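This briefing goes through one protein chain, element by element. Please keep the sequence and the model open while reading.

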Amino acid sequence: MVDDNKNEKSLVSPLNKLTKRIWFVSFAVGTAGTMLRYKYPFKEMFWVISISTLILAFTCVVIIFKKDFKFGERLIYLIATIALLIHSPEWLDIPAYLKNDYKVSEGVPTDFEFRSGRNNPERWEVVVDDIKFFMPKDIQENSSDNWFVINYLPCSKYIVDYKVLSEQETKEKINYSN
């Protein structure tokens with residue numbers, strides 16, 4: 001009887017350890033991806049953040065429903081998971097990304113400012129159609145009067161693709177819209 005209980009615990013323990021490790025790795029990758037999403041604004045970063053948060057949520061559900069974990073431990077995992085899911089809404093945009101259901105914002109920016117700081121990567125803060133976007137730093141400084149076409153995901157405002165029209169194309173676009 002004692003040996004059966006001991007063998008059962010030894011089988012459950014590695015599974016619990018593996019579940020915790022998967023949760024911690026997913027949490028670390030999701031947190032790092034969220035912090036670096038403006039420094040490395042490429043499409044693959046969207047998937048890094050989305051997949052890691054989905055794995056995190058799944059492992060959290062496993063931890064919550066397994067009785068092997070203490071109540072306090074389950075509560076801590078749940079709170080940390082919810083905090084990351086709220087802080088990085090990219091996972092909500094997976095259906096829109098898969099369906100290519102992007103929103104489009106276009107026009108001449110009403111606000112065009114270069115941001116940098118000790119804790120923030122260098123990037124352009126651009127407001128088009130009253131929506132604030134964080135653009136990569138490779139945009140030219142003299143583009144503030146040009147027409148922007150930004151394809152983005154609806155929940156996270158993650159930029160999938162953008163185009164900055166030339167001065168001539170901008171003049172044509174403005175004259176056409178008037």
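Helix α3 (residues 71–87) has 17 residues, and at 1.5 Å a residue it should span 24 Å; its end C-alpha atoms are 24 Å apart, so the two values agree. The expected span is 1.5 Å times one less than the number of residues in the helix. The model is a predicted one, in which local features need pLDDT of at least 70 and side-chain atom pairs count only at pLDDT 80 or more, while totals for chains, interfaces and linings use all residues. Residues are numbered from 1 along each chain as its sequence is written, and side-chain values use heavy atoms, with hydrogens and water left out.

- The buried residues of α3 are Arg74, Tyr77, Ala80, Thr81, Leu84 and Leu85. They lie on the same side of α3, because they cover an arc of only 135° around the axis. The arc is that of the directions from the helix axis to the C-beta atoms.
- Buried means under 20% relative accessible area, exposed over 50%, and partly exposed in between, with a 1.4 Å probe and protein chains only.
- On the face of α3 turned away from the buried side are the exposed residues Phe71, Ile76, Ile79, Ile86 and His87.
- Ser88 sits in the loop between α3 and α4 (94–98). Ser88 counts as buried, at 0% relative accessibility.
- With neighbours within four places in sequence left aside, Ser88 is in contact (heavy atoms within 4.5 Å) with Thr34, Arg37, Ile49 and Thr53.

**Whole chain**

- The protein chain has five helices and six strands. Its elements run α-α-α-α-β-β-β-β-β-β-α from the N terminus on.
- Helices (H or I, at least four residues) and strands (E, at least two) are DSSP runs, numbered from the N terminus.
- The chain has 178 residues, of which 34% count as buried.
- Among contacts in the chain with a separation of 6 or more, 59% are between residues 24 or more positions apart.
- The accessible surface of the chain is about 11,600 Å², and 58% of it belongs to carbon and sulfur atoms. Accessible areas come from the Shrake-Rupley method with a 1.4 Å probe; for residues, only the protein chains shown count as cover.

- Helix α2 (residues 43–65) has 23 residues, which at 1.5 Å a residue should span 33 Å; its end C-alpha atoms are 34 Å apart, which agrees.
- The buried residues of α2 are Met45, Phe46, Ile49, Ser50, Ser52, Thr53, Leu56, Thr59, Cys60 and Ile63.
- Gly33 belongs to helix α1 (residues 2–36). Its relative accessibility is 4%, so Gly33 counts as buried.
- Apart from neighbours within four places in sequence, Gly33 is in contact with Met45 and Ile49.
- Gly33 and Ser50 are 17 residues apart along the chain, and their C-alpha atoms are separated by 9.3 Å.

**The sheet of β2, β3 and β4**

- Three strands form an open sheet in the order β2-β3-β4, with antiparallel pairing. β2 (111–115) and β4 (131–135) are at the edges with a single partner strand each, so one side of each has no neighbour in the sheet. From one strand to the next, the twist averages 20°.
- Two strands pair if DSSP finds at least two bridges between them.
- β2 and β3 are joined in the antiparallel sense over five bridges. Asp111 has Val127 of β3 as its bridge partner.
- Five bridges also join β3 (residues 123–128) to β4, again antiparallel. In β4, Phe134 is the bridge partner of Glu125, and Lys132 that of Val127.
- Six of the six residues of β3 are buried. Arg123, Glu125 and Val127 point one way from β3, and Trp124, Val126 and Val128 the other way.
- β4 has Ile131, Phe133 and Met135 on its covered face, and Lys132 and Phe134 on its uncovered face.
- The hairpin of β3 and β4 has two residues between the strands, and Asp129 in it takes a positive phi near 55°.

**Leu165**

- Leu165 is in the loop between β6 (159–164) and α5 (167–177). Leu165 is buried, with a relative accessible area of 10%.
- Not counting residues up to four places away in sequence, Leu165 touches Asn146, Trp147 and Thr170.
- Leu165 and Val149 are 16 residues apart in sequence, and 7.9 Å apart in space from C-alpha to C-alpha.

Methods. Axes fitted to C-alpha atoms, helices over the stretch in contact; angles between N-to-C directions.
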